[in-house]
Amino acid sequence: MNPQLENNYKYHAPKEGQPAKYEALRAKAKELAYLIDELCPQSRERSVAHTQLETAVMWANAAIARN
């Protein structure tokens, strides 16, 4: 049994204080998303920037949940 895999693939119910952290991350990411839309021309690169921002938020949330 691999403890890291067990931890990565189980449900992590939110603990006290975690939902506020998730919301803070999403709020800042949304700020950046709007700035990207404002400054970057519509393009594949802008779409990739949005995708990577969403990915960053997902992994940041996972870091909170898993640890």
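How many helices and strands does the protein chain have? I was working with a predicted model, and I found 3 helices and 0 strands in the protein chain. From the N terminus on, I read the elements as α-α-α.

Next I checked the overall dimensions. The radius of gyration of the protein chain came out at 15 Å, whereas a compact globule of 67 residues would have one near 11 Å. Along the principal axes, I noted that the C-alpha atoms fill a box of roughly 50 × 25 × 10 Å.

For charges, I looked up 9 positive and 8 negative side chains, with the centres of the two sets 6 Å apart.

I gave α2 an entry to itself. Helix α2 covers residues 18-39, and at 1.5 Å a residue its 22 residues should span 32 Å; I found its end C-alpha atoms 32 Å apart, which agrees.

Which residues of α2 are buried? I listed Q18, Y22, A29, A33 and I36. These residues lie on the same side of α2, because they cover an arc of only 55° around the axis. As a reminder to myself, an α-helix has 3.6 residues a turn, so residues three or four places apart point the same way.

Last, I looked at the face of α2 turned away from its buried side, and there I found the exposed residues A20, K28, K30, E31, Y34, E38 and L39.

Terms used. Residues are numbered from 1 along each chain as its sequence is written. This is a predicted model: local features need pLDDT of at least 70, side-chain atom pairs count only at pLDDT 80 or more; totals for chains, interfaces and linings use all residues. Side-chain values use heavy atoms; hydrogens and water are left out. Helices (H or I, at least four residues) and strands (E, at least two) are DSSP runs, numbered from the N terminus. The radius of gyration is taken over C-alpha atoms; the globule rule is 2.2 Å times the number of residues to the power 0.38. Lys and Arg count as positive and Asp and Glu as negative; His and the chain ends are not counted. The place of a charge is taken as NZ of Lys, CZ of Arg, CG of Asp or CD of Glu. The expected span of a helix is 1.5 Å times one less than its number of residues. Buried means under 20% relative accessible area, exposed over 50%, partly exposed in between (1.4 Å probe, protein chains only). The arc is that of the directions from the helix axis to the C-beta atoms.
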